[in-house]
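Keep the viewer open as you read.

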Amino acid sequence: MMEHYVKAQIGLKREYMWRRLSYEEVVEAANHFLQGRTIFSLSKEEMDEIVKWMILETSATLSQISAVLHVSYEYLKRFSHRI
């Protein structure tokens with residue numbers, strides 16, 4: 001389900017890439033990806049998908065992603081080295 005959504009959001013890549021994002025824009029990007037769901041309702045696999053999308057397709061920093069998604073910064077560092 002989320003994979004289909006990522007493919008449908010290719011246009012978002014241009015909007016969020018290559019410039020510094022504010023926390024408000026990071027929240028907006030996450031909400032756009034979540035389609036009205038909360039981050040607390042995501043499975044581990046879905047959370048990994050949104051983390052991967054935010055790392056690869058936005059210019060959000062790991063610190064911003066950590067704060068918005070309530071994910072450990074250390075986890076994000078390890079995750080980003082695997083992708």
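**Salt bridges, helices and packing**

The side chains of E74 and K77 meet in a salt bridge, with 3.7 Å from N to O; the term stands for a side-chain nitrogen of Lys or Arg within 4 Å of a carboxyl oxygen of Asp or Glu. Before going further, note that this is a predicted model, in which local features need pLDDT of at least 70 and side-chain atom pairs count only at pLDDT 80 or more, while totals for chains, interfaces and linings use all residues. Residues are numbered from 1 along each chain as its sequence is written, and side-chain values use heavy atoms, with hydrogens and water left out.

Back to the pair: E74 and K77 both belong to helix α6 (residues 73-82), where they sit 3 residues apart, about one turn of the helix. Helices here are DSSP runs of H or I with at least four residues, strands are runs of E with at least two, and both are numbered from the N terminus. E74 is partly exposed at a relative accessible area of 41%, and K77 is partly exposed as well, at 31%. For these labels, buried means under 20% relative accessible area, exposed means over 50%, and partly exposed lies in between (1.4 Å probe, protein chains only).

How many salt bridges does a search of the whole structure find? The search returns 3. One of them joins D48 to K44, with the closest N and O atoms 3.3 Å apart. Both residues lie in helix α4 (residues 44-57), 4 residues apart, about one turn of the helix. Another links E46 with R37, and there the closest N and O atoms are 3.1 Å apart. Is E46 buried or exposed? E46 counts as buried, because its relative accessibility is 16%, whereas R37 is partly exposed at 27%.

Now zoom out to the whole chain. The protein has 6 helices and 0 strands, so its pattern along the sequence reads α-α-α-α-α-α, in elements defined as DSSP runs. Of its 83 residues, 40% count as buried. The accessible surface comes to about 5200 Å², and carbon and sulfur atoms own 55% of that area; the areas come from the Shrake-Rupley method with a 1.4 Å probe, and for residues only the protein chains shown count as cover. Among contacts with a separation of 6 or more, 64% are between residues 24 or more positions apart, a contact being heavy atoms within 4.5 Å.

Next, the packing of the helices. Two packed helices are described by the angle between their axes and the distance between the axes. Helix α3 (residues 23-34) packs against helix α5 (residues 62-69) at an angle of about 60°, with the axes 10 Å apart. That makes α3 oblique to α5. On this scale, angles under 35 degrees are roughly parallel, over 145 roughly antiparallel, 65 to 115 roughly perpendicular, and the rest oblique. The axes themselves are lines fitted to C-alpha atoms, for helices over the stretch in contact, and angles run from 0 to 180 degrees between N-to-C directions. On the α3 side the contact is made by Y23, V26, V27 and A30, and on the α5 side by S63, Q64, A67, V68 and L69.

Q64 deserves a look of its own. This residue of helix α5 is buried, with a relative accessible area of 2%. Leaving aside residues up to four places away in sequence, Q64 touches L21, S22, Y23 and V26. The buried residues of α5 are Q64, I65, S66, V68 and L69, and what covers them includes α3, α4 and α6.

From α4, the contact uses K44, D48, V51, K52 and I55; from α6, it uses Y75, L76, F79 and S80.

Finally, turn to the backbone in two loops. Most residues other than glycine have a negative phi. Q35, however, has a positive phi near 55°; Q35 is placed in the loop between α3 and α4 and is partly exposed at 44%. H70 follows α5 and also has a positive phi, near 60°. H70 lies in the loop between α5 and α6 and counts as exposed, at 58% relative accessibility.
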